[in-house]
Amino acid sequence: MQQGRVALVTGAASGIGRATALAFAREAAKVVVVDILADEGEETVSLIKEAGGEAIFVKCDVARSAEAAAAIEAAVSTYGALDCAFNNAGIEGRMALTPDFEEEEWDRIINTNLKGVWLCLKYEIPQMLKQGGGVIVNTASVGGVVGLQGLSPYCASKGGVVQLTRAVALEYAQSNIRVNAVCPGGIRTAMSRRLAKQPQMGKTLPAPMHRWASPDEVAAAVIWLCSDASSFVTGHCMAVDGGFLAQ
Ligand code: NAI
């Protein structure tokens with residue numbers, strides 16, 4: 001990646017988002033750490049600064065339009081541009097059979113995982129158009145490609161992210177804005193630890209590689225998708241799943 005780029009990461013207080021924020025900083029990007037959790041978000045900023053990087057924290061619920069707009073605005077007002085955006089914030093929700101979810105659980109998962117990505121795109125794209133281009137990566141999931149039992153709202157939201165990614169990539173393919181997604185499999189984070197405790201988890205995630213991945217392994221894919229090395233890649237949903245989707 002070119003030095004001095006401005007990279008915004010949502011869900012950067014934890015897991016994949018934090019690992020990617022740190023990876024952007026190692027690439028000498030200025031990082032906008034966005035999350036609903038303030039203390040943990042500030043901790044990500046401290047980790048970046050301790051390593052000699054530059055970062056700010058913006059508290060934001062990506063499911064709220066005004067807050068998503070303000071996060072993108074903070075990137076531009078602080079660092080003057082928005083070159084890379086990693087729309088990654090997400091929640092898994094409870095595991096249950098489809099009829100057993102409450103309406104508010106459904107709304108919360110869809111609003112965070114799918115509407116939240118759309119709201120970020122809504123404010124990122126005009127800024128990227130204004131400055132002549134940019135790169136966006138959304139976090140989907142293997143659950144956006146195949147069904148995972150007990151996680152139907154999550155799968156629906158992530159399937160939506162896959163299709164949103166493809167549609168947006170087509171719209172801006174001639175405007176120097178690339179839009180891709182990553183589809184992680186089992187990654188060791190707070191989310192997967194919470195899921196592993198659910199009795200229904202059963203056989204959902206045994207990858208052919210027979211291990212869980214580090215969040216750094218997803219971060220590496222995101223950094224590549226945001227770099228000029230992937231300059232002809234757009235509308236792609238890249239599995240980072242130890243072979244799970246190849247089964
Ligand atoms: P995590 O729970 O460690 O981190 C998620 C972060 O998103 C947290 O810091 C949380 O505060 C933030 N967040 C949640 N709702 C938010 C909102 N409304 N606005 C702003 N921030 C919000 O989880 P992890 O594993 O790092 O997940 C990151 C992404 O990767 C999610 O979209 C998740 O669905 C996806 N993913 C994770 C997999 C795994 O095995 N860990 C597998 C496939 C996808």
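In the predicted model, the largest pocket has a lining of 46 residues, and those nearest its centre are Gly90, Ile91, Glu92, Met191 and Arg194. The space in this pocket amounts to about 970 Å³. By residue class, the lining of the largest pocket comprises 22 nonpolar, 17 polar and seven charged residues. At least two lining residues come from each of helix H1 (15-26), E2, H4, H5 and helix H6 (190-196). Of these elements, H6 gives the most, with five residues.

The largest nonpolar core consists of 33 residues, and Leu8, Val32, Val34, Leu121 and Ile136 have the most contacts inside it. Strands E1 (6-10), E2 (30-35) and E6 (177-184) each supply at least two residues of this core, as do helices H3 (65-79), H4 (103-131) and H5 (152-171). With residues up to four places away in sequence not counted, Ile136 touches Ala85, Asn87, Leu121, Glu124, Ile125, Met128, Ile177, Arg178, Val179 and Asn180.

Glu103 is found in helix H4. Glu103 is classed as exposed because its relative accessible area is 61%, against a cut-off of over 50%. Gly144 lies 41 residues from Glu103 along the chain, and the C-alpha atoms of the two residues are separated by 21 Å.

Methods:
Residues numbered from 1 in each chain as written. Predicted model: local features only at pLDDT ≥ 70, side-chain atom pairs only at ≥ 80, totals over all residues. Heavy atoms only, no water. Core = buried A, V, L, I, M, F, W, Y, C linked by side-chain atoms within 4.5 Å. Buried < 20%, exposed > 50% of the residue type's maximum accessible area, 1.4 Å probe, protein only. Helix = DSSP H or I, 4+ residues; strand = E, 2+ residues; numbered from the N terminus. Contact = heavy atoms within 4.5 Å. 1 Å grid on protein atoms, 1.4 Å probe; cavity = no way out; pocket = protein on both sides within 12 Å on 5 of 7 lines; lining within 4 Å. Points joined across faces, edges and corners; volume = space filled by probe spheres on them. Nonpolar A, V, L, I, M, F, W, Y, C, P; charged D, E, K, R; others polar.
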